[in-house]
Amino acid sequence: MATGRTHRPATRSRGIPEATVARLPLYLRALTALSERSVPTVSSEELAAAAGVNSAKLRKDFSYLGSYGTRGVGYDVEYLVYQISRELGLTQDWPVVIVGIGNLGAALANYGGFASRGFRVAALIDADPAMAGKPVAGIPVQHTDDLEKIIEDNGVSIGVIATPAGAAQQVCDRLVAAGVTSILNFAPTVLSVPDGVDVRKVDLSIELQILAFHEQRKAGEETAAGDGALPAATAREASADQGPDGDVPAVMPA
């Protein structure tokens, strides 16, 4: 079985848009659920609803993969699972290291979804000497002093950073210098990386703040409706002719 260091997904070379790539895991999750229920085929409408997108967008996305389905039948579930898995690079072994084994890092280490999706947690790394040798999810934690050797020995190209913000950039720099070319960052900070290194940031506090914004806006609209104010859409139309100093502030819809 190939390792992550020896093969890269073909999506970029085949010109698949990044927005489509971002939706492929959603389709795969929905298709996997169908496969587990032994559903042989699925229509674009059913699959789009399960993935939370519209069917026209789904059909366009699948056209980049060369899958067009069969009229009156739909898409073959098992074939699509294989096709999307192959496109995402999940039909091979991707060794991953997790750096920072606090509460979040330990939770990630215990997450069972990695192995079923082609990712093998090859090593857990932490700066605390007291953590060295302690098993987490059945894997002994190793010290950051050995980071470079661990990455070389395991052929790692994907690293997960779950350290405090102050340590994240230094860890990132060491991962990149050791040959890691893709990083999933859980630390609440923006990482600086050279060209050719991909970073995906996961910040739960930001997601909660966005939800708080929407909750506040919904509460405001309910209050305005109760006071007999203009509906939000009408208010936006009325504000179109107002300048920045007008009586009605211009609000960009989310």
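The model is predicted, so local features need pLDDT of at least 70 and side-chain atom pairs pLDDT 80 or more, while totals for chains, interfaces and linings use all residues. Residues count from 1 along each chain as its sequence is written, and side-chain values use heavy atoms, with hydrogens and water left out.

**Exercise 1.** Work out the strand order of the open sheet and find its edges.

*Solution.* Start with the terms: helices (H or I, at least four residues) and strands (E, at least two) are DSSP runs numbered from the N terminus, and two strands pair if DSSP finds at least two bridges between them. The 7 strands then line up as E5-E6-E4-E3-E7-E8-E9, with mixed pairing. Strand E5 (135-136) and E9 each have a single partner strand, so one side of each lacks a neighbour in the sheet.

**Exercise 2.** Trace the pairing on both sides of E8.

*Solution.* Take E7 (residues 158-161) first: it pairs with E8 (residues 182-185) in the parallel sense over 4 bridges.

**Exercise 3.** Which handedness does the β-α-β unit of E7, H8 and E8 have?

*Solution.* Look with the strands pointing away from you: a clockwise path from the first strand over the helix to the second counts as right-handed. With H8 spanning residues 165-177, the unit is right-handed.
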